[in-house]
Amino acid sequence: MAVPKRRVSKARRDKRRSNVWKMSAPELQKCPNCGEYKRAHRVCPACGYYNGRQVIKTEA
């Protein structure tokens, strides 16, 4: 049965795992109301619209 001879340090273990869980940049989509880029399934920060209706009142 294969057993490690020495304990793997936290630094060595974490270095090995560092590239596995890299976060990617969020995908952006154009708001159908104002044309600004926004994240999917979220209220547009520029105009306050979500799913065709105004959710947040913004300054004009």
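Helices (H or I, at least four residues) and strands (E, at least two) are DSSP runs, numbered from the N terminus. The model is predicted: local features need pLDDT of at least 70, side-chain atom pairs count only at pLDDT 80 or more, and totals for chains, interfaces and linings use all residues. Residues are numbered from 1 along each chain as its sequence is written, and side-chain values use heavy atoms, with hydrogens and water left out.

**Exercise 1. Describe the largest pocket by volume, lining and residue classes.**

Step 1. On a 1 Å grid over the protein atoms alone, a pocket is an open set of points where a 1.4 Å probe fits, with protein on both sides within 12 Å along at least five of seven lines; lining residues have an atom within 4 Å of a point.

Step 2. Grid points are joined across faces, edges and corners, and the volume is the space filled by probe spheres set on the points. The volume of the largest pocket is about 180 Å³.

Step 3. Its lining includes Gln 29, Lys 30, Cys 31, Lys 38, His 41, Tyr 50 and Asn 51. At least two lining residues come from each of strand E1 (28-30) and strand E3 (49-50).

Step 4. Ala, Val, Leu, Ile, Met, Phe, Trp, Tyr, Cys and Pro count as nonpolar, Asp, Glu, Lys and Arg as charged, and the others, Gly among them, as polar. The lining then divides into five nonpolar, five polar and two charged residues.

**Exercise 2. Examine the backbone at His 41 and Asn 51.**

Step 1. Most residues other than glycine have a negative phi.

Step 2. His 41, not a glycine, has a positive phi of about 60 degrees. His 41 is in the loop between strand E2 (37-39) and E3, and a relative accessible area of 69% makes this residue exposed.

Step 3. Asn 51 also has a positive phi of about 60 degrees without being a glycine. Asn 51 occupies the loop between E3 and E4 and is exposed at 69% relative accessibility.

**Exercise 3. How many salt bridges does a search of the whole structure find, and which residues form a salt bridge?**

Step 1. A salt bridge is a side-chain nitrogen of Lys or Arg within 4 Å of a carboxyl oxygen of Asp or Glu.

Step 2. The search finds one. Arg 13 pairs with Asp 14, with the closest N and O atoms 3.0 Å apart.

Step 3. Arg 13 is partly exposed at 30% relative accessible area, and Asp 14 is partly exposed at 40%.

Terms used
Buried < 20%, exposed > 50% of the residue type's maximum accessible area, 1.4 Å probe, protein only.
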